[in-house]
Amino acid sequence: MSSQGPYIVGMTGASGGIYGIRLVQELLGTGHDVHLVLTEATWQVFQAEMKLDISDRDQVIAELFNERQENLHVYDLHNYAAPIASGSFRTKGMIVIPCSMGSLSGMAIGASGNLIERAADVMLKEKRPLVIVPRETPLHQIQLENMLTLSKAGATILPAMPGFYHNPTTMEELIDFVVGKALDVLGVEHELFKRWGSES
């Protein structure tokens, strides 16, 4: 299978790191090129929610994304020399999953304070797909206004809200529903959940 894409994936310190992991696994498994950036808080989420030993981060990445490693490109959060920091580097889109409210704020004001924020800024200025998957509740006015600002600028806000009409019986099915909805927005084919009205 030849490489497709590429897609940029940003993972931040919001609860639900498994969403980002599952999405990257699906993109790699279907032959897409993935450019991945993780915040420091992401690693804390990996440790707290998934009980991962993060002492060797390269090993964690290798174990989580062992399929088609040649299609995975991982960048330091402050590597502004990375190709994804420039609009001249062609991509099919970007997703921040999960997205913390701090990262959301930085993207909404165009701060470009790290590589995730800069890459998101590039997506907006180049009119490419940008999907934001916030994982927070409840939401106050500033957070809602930041989401509206990004939406007006061209981003898609896709909260991590699993559906139940496909009658999920496992946590994995709930995770796959959210990931599948995100892939739908990016235009990536998948079979992660049963669609409404589908018999299969």
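In this predicted model, Phe177 has a relative accessibility of 4% and counts as buried, because the cut-off for a buried residue is under 20%. Phe193, at 12% relative accessibility, is likewise counted as buried. The rings of Phe177 and Phe193 have their centres 4.9 Å apart, with planes at 45°, so this pair is classed as tilted.

A search of the whole structure finds four aromatic pairs. One of them is formed by Tyr165 and Trp196, whose ring centres are 5.7 Å apart and whose planes stand at 85°, so the pair is edge-to-face. The angle exceeds the limit for this class, which is over 60 degrees. This pair also links distant parts of the chain, 31 residues apart. Tyr165 is found in the loop between strand 6 (156-157) and helix 7 (171-186), while Trp196 belongs to the segment after helix 7. With a relative accessible area of 37%, Tyr165 is partly exposed. Trp196 has a relative accessible area of 70% and is therefore exposed, since the class begins over 50%. Through ring pairs, Tyr165, Phe177, Phe193 and Trp196 are joined into a cluster.

Another buried position is Ile84, which has 1% relative accessibility. Ile84 is placed in the loop between strand 3 (72-75) and strand 4 (93-99). Leaving aside residues up to four places away in sequence, Ile84 touches Ile8, His35, Val37, Tyr75, Phe89, Leu115, Ala119 and Val122. The C-alpha atom of Ile84 is separated by 9.7 Å from that of Tyr7, although the two residues are 77 residues apart along the chain.

Helix 2 spans residues 40-50, and within this helix Thr42, Trp43, Val45 and Phe46 are buried. These four residues lie on the same side of helix 2, because they cover an arc of only 155° around the axis. In an α-helix there are 3.6 residues a turn, so residues three or four places apart point the same way. Just after helix 2, Lys51 adopts a positive phi of about 55°.

Definitions and conventions: Residues are numbered from 1 along each chain as its sequence is written. This is a predicted model: local features need pLDDT of at least 70, side-chain atom pairs count only at pLDDT 80 or more; totals for chains, interfaces and linings use all residues. Side-chain values use heavy atoms; hydrogens and water are left out. Buried means under 20% relative accessible area, exposed over 50%, partly exposed in between (1.4 Å probe, protein chains only). Helices (H or I, at least four residues) and strands (E, at least two) are DSSP runs, numbered from the N terminus. The arc is that of the directions from the helix axis to the C-beta atoms. Contact means heavy atoms within 4.5 Å. Rings of Phe, Tyr and Trp (its six-membered ring) pair if their centres lie within 6.5 Å; planes under 30 degrees apart count as stacked, over 60 as edge-to-face and the rest as tilted.
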